[in-house]
Amino acid sequence: MKKSTQLRRMLESPGVEFIMEAHNGLSAKIVEETGFKGIWASGLSISAALGVRDNNEASWTQVLEVCEFMSDATSIPILLDGDTGFGNFNSFRRLVAKLGQRNIAGVCIEDKIFPKTNSFIGGEKQPLANIDEFSGKIKAGKDLQQDPDFVIVARVEALIAGWGLDEAIKRANAYANAGADAILIHSKIVSFDEVELFLKHWDNKKPVVIVPTMYYQTPTQKFRDYGVSLVIWANHTLRAAITNMQKIVRQIHEEQSLINIQKKIVPVKEIFRIQNVIEYKEAEDLYLPKKKSYKSIILAASKGTNFGSLTDDRPKAMIKIGSDTILSKIIKTLNSRDIKDIGVVVGFKKEAVNLPNLKYIVNEKYSQYGLLYSIFQAKEAFFGDLILLFGDVLFEEDILRRLMINYEDIVLAVDPSIQYHLDQVKDLVEGGISYSEEFGKDNICRVKNIRSLKKEEVSRDVNGEFIGILKLSERGSGIFYKEMTELEKKRPEVLKKWDLNDFINHLIGKKHEVFLEYFKGKWKDIDSIEDLTYLINLQSME
Ligand code: SPV
Ligand code: MG
């Protein structure tokens, strides 16, 4: 739905609606993410954020530019505080034209004289516009607007200027007759009384908009009872920002250190999320020539339990599903993302792993030592971007695609829904946040630990199952290389004993950041004959 139509519906719907102040692209995004259906582009806040006063010190094109950033950054309607329209009827209709071009849903103008002063600063001394002149201004805007749903709100300053209720009603009537879509009745007293009186007399001839900054103690139910259409929370985003900026900046100044404030502010990553950095990565992936060439290491040295005679003469990765082996299916998926440099760590029945175009790395000790030792045999591959995989997991290309554009250095693919069968042991991950389907969440977070657990050992802290696919950036594979070689030198017994989980926890313990990305479904590990039968049946249905 067009933004203008959304705003019009908010005004014309029977209940009360709320819009929240924003003053730049960032605050506009925060307002939208929070769930508000509309934005008040406040003159006070925009000017303050630009470091100037609310006296038309910012030119109207400068305000427009801020508004354009806000509009581009969001999908909900913006009602711009157009002050007095920045001049006469002619200036105002140019503003209306430009707002329409920029997909701003509506504008509010107040019946004061350009250049205005904020209504809360000596409001009673400010001259009001001539009624006919201001009505002509509204009409000029309405005549010019291309989009029939574009909203013009006329703001009555008669109460602020101390002219009383009759003058306010007179003006509201004139502006409604001139074509205003709604009336904003403004007040600077601390009670709702004068606005209430206005609402009683006005009797909803046109939708009414209010700004309860000064009468903030009024319960919202009162606004409902009197049929207010739209409430503007006019400057609270900026005030919240100022509160926190002052507090944090002061503390950094006093302490000459960041140690105590780190936990009080959002991480840098939160900025990236709000900026939608991930979309940029995806676009790079789509439009730039592929310069990053990922390598892959597949761990296929073990025999695999639970497969009976199927693994008498071959490792699990070479079991067939239809005409393909598990391993060749994995390789096809890697190839589909242009990963051609593929190493396979083999051990059990190594001669049975005979697919072309692979680099073979032999782990003779596959039956004695743990998985980390297998990984270490491929240590020469740990440079540049790398995907490390278990050889018994089938997965969709999308998991690879997303991991490859993930900007963190060490990332585990994790499924938030854990499906146990029989008495399996699963690699379960505790993350900083749990999976969310909410809009805007990128489902990437830090890993706290990873443990192999049986079903009965699972605690509430667990957020998902590691699916056996791990992405390393150039830096990430460097960390793996360095830490593995250090273990080999200093704790060779540990290198032989550990599995991948132990090593990941070791990295976390050494303050390396390990992340997870949640993927729901889109993969299948093959742990039993049942898994195999399921996949074979699936394949025969395709
Ligand atoms: C603004 O937010 O800029 C307004 C509302 O115009 S007020 O500050 O209350 O005048
Ligand atoms: Mg204003």
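I began at Lys522, which counts as partly exposed because its relative accessibility is 35%. That falls between the cut-offs, since buried means under 20% and exposed means over 50%. I am working from a predicted model.

I then looked up where Lys522 sits. The residue is in the loop between strand 20 (515-518) and strand 21 (523-525). I checked its backbone too. Phi of Lys522 is near 70 degrees, a positive value in a residue that is not glycine.

**Another positive phi**

I went to Gln256 next. Here phi is near 45 degrees, again positive in a residue other than glycine. Gln256 belongs to the loop that runs between helix 10 (236-255) and helix 11 (268-275). Is Gln256 buried or exposed? I noted it as exposed, because its relative accessible area is 73% and the cut-off for exposed is over 50%.

**Helix 18**

I asked how many of the ten residues of helix 18 (residues 500-509) are buried. The count is seven, so the helix is largely enclosed by the rest of the structure. I listed the buried ones: Leu500, Asn501, Phe503, Ile504, His506, Leu507 and Ile508.

I looked at both ends. At the start of helix 18, a side-chain oxygen of Asp499 comes to within 3.0 Å of the backbone nitrogen of Asn501. Asn501 is itself among the buried residues. After the helix comes Lys511, with a positive phi near 70 degrees.

**Ligand 1**

I turned to ligand 1 and wrote down its surroundings. The residues around it are Trp40, Ser42, Gly43, Leu44, Asp81, Asn118, Ser119, Phe120, Arg155, His186 and Ala234.

Which polar atoms lie by its oxygen atoms? I found a polar side-chain atom of Ser42 at 2.7 Å from an oxygen atom of ligand 1. Leu44 contributes through its backbone, with an N or O atom 2.7 Å from a ligand oxygen. For Asn118, a side-chain N or O atom is 3.0 Å from an oxygen atom of ligand 1. I then checked cover: on its own, ligand 1 has 280 Å² of accessible area, and the protein covers 100% of that. I also looked at the cavities. The largest cavity is the space taken by ligand 1.

**The loop between strand 4 and helix 6**

I followed the loop between strand 4 (106-110) and helix 6 (131-144), where Pro115 is placed. The peptide bond from Phe114 to Pro115 is cis, and I read omega near -5 degrees.

Gly122 is in the loop between strand 4 and helix 6 as well. Gly122 and Ala161 are 39 residues apart in sequence, yet their C-alpha atoms are 8.6 Å apart in space.

**Thr333**

My last entry is Thr333, in helix 13 (residues 326-336). Is Thr333 buried or exposed? I recorded it as buried, because its relative accessibility is 14% and the cut-off for buried is under 20%. I then looked up its contacts, leaving out residues up to four places away in sequence. Thr333 touches Phe395, Glu396, Glu397 and Leu400.

Methods:
Residues numbered from 1 in each chain as written. Chains lettered and ligands numbered in written order. Predicted model: local features only at pLDDT ≥ 70, side-chain atom pairs only at ≥ 80, totals over all residues. Heavy atoms only, no water. Helix = DSSP H or I, 4+ residues; strand = E, 2+ residues; numbered from the N terminus. Buried < 20%, exposed > 50% of the residue type's maximum accessible area, 1.4 Å probe, protein only. Contact = heavy atoms within 4.5 Å. Near = heavy atom within 4 Å. Polar contact = N/O pair within 3.5 Å; in protein donor to acceptor, adjacent residues only side chain to side chain. Areas by Shrake-Rupley, 256 points an atom, 1.4 Å probe, with all protein chains shown as cover. 1 Å grid on protein atoms, 1.4 Å probe; cavity = no way out; pocket = protein on both sides within 12 Å on 5 of 7 lines; lining within 4 Å. Sits in = over half its atoms within 2 Å of the grid points.
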